[in-house]
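Me: I'm new to this one. Could you walk me through how to read a couple of its features?

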Amino acid sequence: MFAELPIYEVLPEIKQSLQSNNTLILQAPPGAGKSTIIPIELLDEEWLAGRKILMLEPRRLATRAVAGRMADLMNEDIGETVGYRIRFDNNTSSKTKVEVLTEGILSRILQQDNSLEGVGLVIFDEFHERSIHADLALALCREAQQVLREDLRILIMSATLDGEKLSQLLGNAPVITSKGRQYPVEIKYFEQEEYTPLPVQMSKAISRALNNEDGDVLAFFPGAGEIHRTEELLAQQFPGIKICPLYGDLPQKEQQSAILPDPAGRRKVVLATSIAETSLTIEGIKVVVDCGYSRAQRFDARSGLSKLETIRITKDAADQRTGRAGRLGPGIAYRLWSEGANHKLSLHRIPEILEADLAPVVLELANWGVDDMRTLSWLSPPPTGALAQAKELLRELDALNENDRITAKGKDMLRLPTHPRIAHLILEGNKNRQSLSLATDIAALLEEKDPIGKDAGTDISLRVENLRKHRN
């Protein structure tokens with residue numbers, strides 16, 4: 001069964017290329033099998049010499065799912081040959097040879113071992129998402145490859161990236177393309193109702209899909225708020241259909257319920273954020289309903305803070321979403337925008353490094369010994385203004401000295417897996433026991449989900465009190 005996956009058609013070429021090149025780009029559509037098959041198939045390669053394979057995924061859900069799928073293929077439990085590491089969750093062992101990681105974890109591994117001595121291959125999966133963590137990890141891996149480890153292999157994989165352009169940026173690295181087995185998907189466009197709330201529009205479109213099409217439905221939303229409001233509307237109309245939210249903050253059990261077929265055999269509607277665009281295979285999906293929006297972090301240079309913004313998706317993201325309907329057979333995609341508007345979509349998403357708060361990256365690199373980020377081989381060089389602002393902030397936090405070298409306090413801040421501002425808050429609070437309790441509460445409130453909701457206003461003292469009540 002698995003030998004029929006499209007990726008096997010190019011697997012000999014992949015092996016041959018990695019035998020003679022230390023960098024390779026693989027273009028393969030969703031469902032080709034690249035994420036789950038390639039790491040396992042490369043384990044016995046001579047050049048790997050028994051060392052580990054690290055594979056980076058952009059999201060925690062995909063990290064767990066991909067690792068679990070590979071472990072199943074090997075008839076093992078997670079944590080044996082295949083394991084995963086995400087923030088606050090390490091499921092690996094001394095036997096693990098394939099580690100699936102969220103992208104930010106690799107930067108921390110490199111801080112401990114900048115030559116990646118026990119690693120033979122680093123795989124960047126779904127690289128088209130161009131997160132700042134992926135760009136940083138690639139820059140550091142290339143630095144290690146060029147200075148310390150010429151034998152370190154780098155494999156970059158994606159369905160929608162511009163392989164030829166990326167090849168030029170990576171010293172004319174070879175590009176291999178897998179055609180995959182994507183079934184045709186019919187696209188239906190629907191004019192957006194300007195003054196109608198998005199959950200109402202989406203519930204109407206999903207209702208139309210349920211009434212007119214066969215199979216399970218996957219619907220894309222900007223965030224959890226719109227998902228839950230749409231869930232309420234659909235539950236009233238379709239009591240016999242299983243409605244499953246799917247987003248990053250959901251408990252793992254509920255995420256698995258959305259991914260796997262319904263045990264009772266009910267028809268299923270999955271209401272998801274962009275988390276479902278890539279890597280995950282949600283069985284039974286024949287219809288996609290796409291609102292055309294996603295939510296992304298944007299750095300506000302005036303305030304010095306990042307905030308979530310709802311933005312129009314790019315063409316590559318729209319195509320990625322549409323493709324989810326064509327994995328099992330011919331499918332249907334409903335798009336909540338006009339065909340004319342589709343022609344005006346930007347082709348590719350903007351790399352996060354061009355719009356993000358650079359303070360965490362600057363601090364990471366200062367610890368690496370890099371005084372000037374621009375000396376590294378970036379695919380997209382960081383903006384000069386944002387770079388200067390990041391350095392100024394880190395100097396104010398005493399994380400960098402006047403020569404932009406990392407201080408002892410900066411090193412302490414890096415040991416905390418959070419933004420430098422919050423790390424500074426915790427370290428300052430640690431100066432006495434009473435302050436530490438308040439500092440950790442505020443850090444949790446800033447980093448995690450609001451415990452009492454936005455309807456309670458903006459008074460942070462109410463939230464601190466709520467946390468302390470639950471602790472007691």
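Predicted model: local features only at pLDDT ≥ 70, side-chain atom pairs only at ≥ 80, totals over all residues.

Me: Which strand pairs with β7 over five bridges, and in what sense?

Reply: That's strand β1 (residues 23–27), and the pairing is parallel. Strand β6 (residues 119–124) also pairs with β7 in the parallel sense, over four bridges. There, Val-122 stands opposite Ile-154 in β7.

Me: How do I read the two faces of a strand, and are those of β7 covered or uncovered?

Reply: In a regular strand, side chains alternate between the two faces of the sheet. For β7, both faces are covered. Arg-153, Leu-155 and Met-157 are buried on one side, and Ile-154, Ile-156 and Ser-158 are buried on the other. Six of the six residues of β7 (residues 153–158) are buried, so the strand is largely enclosed by the rest of the structure.

Me: Now helices. At roughly what angle do the axes of α4 and α12 cross?

Reply: Two packed helices are described by the angle between their axes and the distance between the axes. Here the axes of α4 (residues 103–112) and α12 (residues 359–368) cross at roughly 20° and come within 10 Å. With that angle, α4 is roughly parallel to α12. The crossing of α4 past α12 is left-handed.

Me: Which residues make the contact?

Reply: From α4 they are Ser-107, Arg-108, Leu-110 and Gln-111, and from α12 they are Glu-364, Asn-367 and Trp-368. By type, the residues of this contact divide into two nonpolar, three polar and two charged.

Key:
Residues numbered from 1 in each chain as written. Heavy atoms only, no water. Axes fitted to C-alpha atoms, helices over the stretch in contact; angles between N-to-C directions. Parallel < 35°, antiparallel > 145°, perpendicular 65-115°, else oblique. Left-handed = near helix turned anticlockwise from the far one by under 90°. Contact = heavy atoms within 4.5 Å. Nonpolar A, V, L, I, M, F, W, Y, C, P; charged D, E, K, R; others polar. Buried < 20%, exposed > 50% of the residue type's maximum accessible area, 1.4 Å probe, protein only. Pairing = 2+ DSSP bridges.
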